[in-house]
Amino acid sequence: AVVSTQSREAVVSTQSTGEQNKRKLRLLTLASICEGADEIEFSKLADRLNLEKDEIEPFIIEAIGSGLVKGKINEPEGRFTVSTSINRCFGQSQWSVIKDRLELWQKNLQVVRESLNKGGHLMMPIGS
């Protein structure tokens with residue numbers, strides 16, 4: 001059977017896209033694993049992500065570069081200390097955290113406004 005150049009390119013492109021999607025899913029899975037964790041061993045990540053142990057460190061570096069996780073790699077001990085990770089699932093608890101932060105921000109802005117209003121009569125306009 002004769003396969004056209006376009007067909008071959010389409011197959012290669014599909015394989016490439018499939019590998020890219022697989023990698024993206026692994027990155028998101030890493031973010032999910034890191035969510036709520038303080039520290040994770042490379043060996044556990046290798047098992048969960050179906051990667052070789054020597055692939056884990058570059059993979060974590062890629063995830064950090066993508067902004068999915070933040071943390072510190074401890075290569076001698078084979079551990080990743082997680083400081084933050086994105087939430088892959090956004091549920092009620094995440095909305096609650098945002099609500100609390102916005103309410104605190106609003107209270108802080110009210111304090112600033114009151115402070116400016118109290119001291120506003122003491123301020124002289126520039127150029128007077």
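R23 is partly exposed, with a relative accessible area of 34%; here buried means under 20% relative accessible area, exposed over 50%, and partly exposed in between, using a 1.4 Å probe and protein chains only. The model you are looking at is predicted, so local features need pLDDT of at least 70 and side-chain atom pairs count only at pLDDT 80 or more, while totals for chains, interfaces and linings use all residues. Residues are numbered from 1 along each chain as its sequence is written, and side-chain values use heavy atoms, with hydrogens and water left out.

Let us stay with R23 and look at its partner. The side chain of R23 meets that of E62 in a salt bridge, 2.6 Å from N to O. The term stands for a side-chain nitrogen of Lys or Arg within 4 Å of a carboxyl oxygen of Asp or Glu. Because R23 belongs to helix 1 (residues 5–34) and E62 to helix 3 (residues 53–65), the pair ties together parts that are 39 residues apart in sequence. E62 also counts as partly exposed, at 29% relative accessibility.

Searching the whole structure gives 5 salt bridges. Another of them pairs R79 with E41, with the closest N and O atoms 3.8 Å apart. This pair links distant parts of the chain, since R79 sits in strand 3 and E41 in strand 1 (residues 39–41), 38 residues apart. Both ends are partly exposed: R79 has a relative accessible area of 25%, and E41 has 30%. R79 also meets E77 through their side chains, in a salt bridge of 3.7 Å from N to O. Salt bridges that share partners join E39, E41, E77 and R79 into one network.

Now follow R79 into its strand. Strand 2 (residues 69–74) and strand 3 (residues 79–85) run antiparallel and are joined by 6 bridges; two strands pair if DSSP finds at least two bridges between them. Across this pairing, K72 stands opposite T81 in strand 3. The hairpin of strand 2 and strand 3 has 4 residues between the strands, and G78 takes a positive phi near 65° there.

Next comes the surface of helix 4. L102 is found in this helix, which covers residues 92–119, and is partly exposed at a relative accessible area of 47%.

Finally, step back to the whole chain. The protein has 4 helices and 3 strands, running α-β-α-α-β-β-α from the N terminus on; helices (H or I, at least four residues) and strands (E, at least two) are DSSP runs, numbered from the N terminus. Of the 128 residues in the protein, 17% are buried. The accessible surface comes to about 10,100 Å², and 54% of that belongs to carbon and sulfur atoms; such areas come from the Shrake-Rupley method with a 1.4 Å probe, and for residues only the protein chains shown count as cover.
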